[in-house]
Amino acid sequence: MAKPSSGKLSGLKGKLIRIMILVGVLPLILAMVISYGQGNKSLKKVIGTSFQALAYETSTKMDILIHEAIRDNRRLSNHPTVYLSIKRFGGNVDQQDESARLAREAKLWESRDAQMAPLLKNAGSRILQGFLSQQTNSNKATKALYVTNAEGVLHASVNFNPRYLNKDRAAWQAIINGDKNSVYIGPVYQDPVSEVYVFEMAFPIKDREGKTIGVFHRVYSAKDFFSPSIESIVFGETGHVMLISARGVVIDCPILPTGFQLADPDLVRSVTGPKQAWVQTQTDGHGGDDLSIIGFSPLEKSNSFIQASGADAWFTFAWQSSDEVLAPTRNLFIWASSAGALSIILIIVMGSMASNKVVQPVLEIQKATGKIGRGENVEPLAIQTGDEIEALANEINSMNELLQKAFSGLETKVEEKTKEALYIKEYTEQILMSVPDPILIFDENLNIEYVNKAFERLDGFEYHELVGKSLGGAKLRDKKQWDQILRELKSYSLGEKGHGHLAPKGKGRTDYQARDPLAPKQPAEDSQPKSMVTLGDRVFVYRFFDVVTEVDESGKIGLLLKEITEIKVLQDQLGMTEKISSLGRLSAGIAHEINNPLFSITGFTEAILDETDPEKILKYATKILKNSRHIAAIVQNMSGYVRDNKDSIQEVDVNERLEGALEIALTASYCDDVEVQKSCSDLPLIKAKPEEIQQIFVNIMTNAVQAMDGKGKLSITSVHENGAIVVKIQDNGPGIPPDYLSKVFDPFFTTKEQGKGTGLGLNIVHRMVLKYGGEITIDSKIGEGALFTVTLPVST
């Protein structure tokens, strides 16, 4: 072949260079423009998404912080002392006099008069002050902590900050008019006393019947409450997160003061949507008019309480100055422009150099690789340019040789892998068929796709009779039970009612971790509840589980049934055993309560046998009759025959019952060496069962006499104070060890020798005192005896 002339070569080279410049530079410039636009758009999206994620993470932290505050305050509102601080203020009063008194006290409270200082020191206030003793962020942020009654009157507080009369306040009205589980979270406002921006939480205080009898209030400084969690979140030089209301009022921000009103209403509307998102705005909320990227997120959980209380919803707001945010965009433009200019220069230079050496060898390589791609046989390339093109040709030759060898054994490997997959499938089916527990697998349409042998034996159907049918159309026995399981299967497939959710399509490998449904789970792992069903005379527990494979991404559901018939029988037997044990404990209680009056009857009977004076015999016989009736009442009360008999409730003279109890305790103990000191005031009557009130004092006095071994001093006092009767019984025995003080009211706890005590006496006392709304306390020091104080409310 004749070689072309040098002129033709020169023309071809120039043409090639011009074409390379035209083809290379124009797409490069277009690609640079498109890349810059897409890069700028993607960069803004990445920044906005990051700000959105940061706002959502912060809103979640705020939800957790508020939820913890709600949980802690609910627990505090249920404290017994808080309840009693409201409960003990009862009775009927003249409303006109009461209103005048409250008005005077409100003026004294607002002026912080010393006459109102005792309110800060009562039992309720002391327990509130105790709540604030720990140096927690929540306690540091607390500006007011107080309790109001059902009339809105202040009953306990840690300081003078709250109002004395609160009946017209939204927090009090929301809790009093709400249900027993109400929670009030009010708007942020400037407190007139402390002059800081605060928000209030309020919770109901309930009596034993669940009725709201008061309100537990807690006022937080918004800045102090949220700043430790929000103001520590900073990024870059200016980036930070702030908390605002739906009206654009700043609740907490490292830059803007709390209570600051954002001026731009369009900005406020943009960043207070119902879902987390990010937006571009022409203002930044911090005084600037530049383009801004802002991420925001509502406090989803807390806003349900806040909006229910009539306040505006709260949102987190992630922001960074536009100069700092858009700096990467400017840098991207500079680098893209520089890279484009350099690329154009390189295209011109490299085009000139490559035109002579590249075109022909590349064409040959292209033809060879095309044939290789089509699976044709290709002769080895014979290119000897002495550079990378020659090395590329050699690599292509090597690749072609390897591909030929690989294709030759590919069919054999495919056949081997197919056999291996069939073996694994058959082996898996054999395992499932061998499982003793019935198993079903449903396809995405909830039709039966697979059942094992255990299920065939359970219901008597063959595999081919069930596959492709639904539970409702399979005509299984115990149709009612299988219909219930079908309803739960449908709920599970929709992710409803607490059941597990199916793995999302296409995410079987990343979002779902397969596990053996037959393997035992740890308690914390087993979040899906097991249900029980009776099929014929057999009892099963069953549960659903997701079936997700790497190949089949459709949602399948498995059902596992495990028989617990024997376990159920054992549970029923255990329940009967517990009932028999409870009957034994009741018998022990009756025996203990009868013991003391029985000793008294024995003593008086022996006295009758030795007595000749008819008057004394009549007196002793009367006491025997009285104690016999007392025993009968005890038996009836503890057996439950007259548990609901309101006719046995009478007006009781506590002093009279103290005298009767003292006589029984001394007679039953056969002792004459106990010195009794009594100081009983005139007492109002209480409504109770006389024998139960007497039994309280009999058990306490009997323990006291026994503790002194029948020798010592027994002091008895009774007074009427603060609307209650207070009875104190003190002995000078050895006292109660400190380790035992918390156990003396426990059933069957006793320090006496075997056969000398049941450990039920003080337990019965404790239950009877609580039955009448009273309380009992013990003070004791080793060697100084014990003091029992019984407080019983006066009947109204």
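A: Helix 20 (residues 690-707) packs against helix 22 (residues 761-771) at an angle of about 145 degrees, and their axes lie 9 Å apart. Helices (H or I, at least four residues) and strands (E, at least two) are DSSP runs numbered from the N terminus; axes are lines fitted to C-alpha atoms, for helices over the stretch in contact, and angles run from 0 to 180 degrees between N-to-C directions. This is a predicted model, in which local features need pLDDT of at least 70 and side-chain atom pairs count only at pLDDT 80 or more, while totals for chains, interfaces and linings use all residues. Residues are numbered from 1 along each chain as its sequence is written, and side-chain values use heavy atoms, with hydrogens and water left out.

On the helix 20 side, Glu692, Gln695, Ile696, Asn699, Ile700 and Asn703 meet Gly761, Leu762, Ile764, Val765, Met768, Val769 and Lys771 of helix 22, where contact means heavy atoms within 4.5 Å. By class, this contact of helix 20 with helix 22 has seven nonpolar, four polar and two charged residues; Ala, Val, Leu, Ile, Met, Phe, Trp, Tyr, Cys and Pro count as nonpolar, Asp, Glu, Lys and Arg as charged, and the others, Gly among them, as polar.

Five strands form an open sheet of mixed pairing in the order 19-21-22-24-23, two strands being paired if DSSP finds at least two bridges between them. Strand 19 (673-680) and strand 23 (775-780) are the edges, each pairing on one side only. From one strand to the next, the twist averages 15 degrees. Helix 20 packs on this sheet and touches strand 19, strand 21, strand 22, strand 23 and strand 24 (786-793); the direction of helix 20 makes about 20 degrees with that of strand 22. Helix 22, by contrast, lies across strand 23 and strand 24, and runs at about 135 degrees to strand 23.

Within the sheet, strand 21 (residues 711-721) and strand 22 (residues 724-731) run antiparallel and are joined by eight bridges. Ser715 has Gln730 in strand 22 as its bridge partner. In a regular strand, side chains alternate between the two faces of the sheet.
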